[in-house]
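Dear colleague,

Please find the structure below, handed over for your review. My notes on it follow directly after.

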Amino acid sequence: MSKTTEKKPRTNHLELARRIIELAQENGLGIGDALSEQQLARTFQVSRTLIRAGLGVLVEQGLADHQAGRGYALLADPTSQALGPVLPQAEEEELVASVLRDRMAGRLGNSTSISEIMRRYEVGRPAAQKALTQLSEDQVVERGPGQSWQFRPLLDNLSALEDSLRYRMVLEPEALLAPGFEIDRARLSLLRDGTEQLLRASIEDFDIGQFRELDISLHEMIATSCSNRFIGDALLHHHRLRRLPNLLPMVSVHRLQEALREHLRIIEHIERGQLEIAADLLRLHLRLSVAQRPQTANRGIPLGFNQR
């Protein structure tokens with residue numbers, strides 16, 4: 001197995017970097033605006049040393065600048081949908097991604113163990129344990145007999161993708177209709193802006209990775225806005241599975257553009273408080289996705305993984 005010598009940021013530093021970008025979005029900050037260590041430490045209730053590490057990740061990625069005596073400032077527009085992919089994988093996430101890649105490509109069987117992870121990826125026991133813990137939290141594996149860990153079903157075939165859509169068809173409209181549904185309008189507005197921006201792109205410039213992020217973000221927002229904790233939790237767990245690298249069906253860009261237009265109609269009625277109409281449109285949106293019955297692309301290689 002080939003190893004990379006590139007140093008990866010720690011998970012907590014990367015998470016702070018992402019939270020700083022999200023806060024900048026929410027506060028309407030732009031290029032050149034200051035990022036105060038003291039204010040960020042107070043907002044996130046962590047030490048300034050930890051904030052400095054998170055800001056350091058942004059500096060390394062060219063998203064922020066640091067000058068002695070003047071502090072940190074943004075170098076990129078925090079509302080840009082491209083910022084997510086710019087941020088690197090954390091050190092711990094790299095091993096998790098390798099395990100997922102090998103499982104999706106059929107190079108790992110139905111179960112694994114700490115010792116197999118250590119041997120296959122040439123890592124120590126703590127790293128292997130952390131990777132399996134993360135995979136367990138993501139509902140990719142569960143404890144099996146003895147020292148084994150069993151892989152759970154992934155979205156790695158057409159049948160699983162169709163089951164996922166039908167599962168969501170049952171729960172997501174109900175999430176919208178649950179009494180007390182309340183959405184974060186500022187975040188919904190940002191999502192609408194990103195959707196409209198992607199729709200303006202030509203077919204040649206259409207970013208499928210950006211579509212995927214916008215798509216999952218909308219459905220996650222519906223789940224987090226649901227007042228029924230059981231429906232919301234079930235959907236959030238499922239969307240966490242959708243966020244894992246998976247085999248996306250080969251769908252035409254025209255269909256993806258139409259899906260974005262469907263998203264905008266759903267968002268419009270949510271903003272108007274017309275939740276029954278939004279639920280009907282959401283149900284139709286998911287039914288149309290099921291009806292496509294596409295062929296899977298790149299079988300064995302999840303989207304976003306480099307082929308090696």
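D102 is buried, with a relative accessible area of 8% (buried means under 20% relative accessible area, exposed over 50%, and partly exposed in between, with a 1.4 Å probe and protein chains only). This is a predicted model, in which local features need pLDDT of at least 70 and side-chain atom pairs count only at pLDDT 80 or more, while totals for chains, interfaces and linings use all residues. Residues are numbered from 1 along each chain as its sequence is written, and side-chain values use heavy atoms, with hydrogens and water left out.

The side chain of D102 meets that of R120 in a salt bridge of 3.1 Å, N to O (a side-chain nitrogen of Lys or Arg within 4 Å of a carboxyl oxygen of Asp or Glu). Since R120 lies in helix α6 (residues 114-121) and D102 in helix α5 (residues 91-104), the pair ties together parts that are 18 residues apart in sequence. Helices (H or I, at least four residues) and strands (E, at least two) are DSSP runs, numbered from the N terminus. R120 is partly exposed, at 32% relative accessibility.

A search of the whole structure gives 17 salt bridges. Among them, R52 and E37 meet through their side chains at 2.9 Å, N to O. This pair links distant parts of the chain, with R52 in helix α3 and E37 in helix α2 (residues 37-44), 15 residues apart. E37 is buried at 14% relative accessible area, whereas R52 is partly exposed at 37%.

D280 forms a salt bridge with R283, their closest N and O atoms being 3.1 Å apart. Both belong to helix α13 (residues 275-291) and, being 3 residues apart, are separated by about one helical turn. D280 is partly exposed at 49% relative accessibility, as is R283 at 23%. Elsewhere, salt bridges that share partners join E37, R48 and R52 into one network.

Turning to the strands, an open sheet of 3 strands has the order β1-β3-β2, with antiparallel pairing (two strands pair if DSSP finds at least two bridges between them). Its edge strands, each pairing on one side only, are β1 (34-35) and β2 (64-67). Between β2 and β3 (residues 71-74), the antiparallel pairing runs over 4 bridges; H66 has Y72 in β3 as its bridge partner.

Finally, S148 is found in strand β6 (residues 148-151) and is buried, with a relative accessible area of 15%.

Yours sincerely
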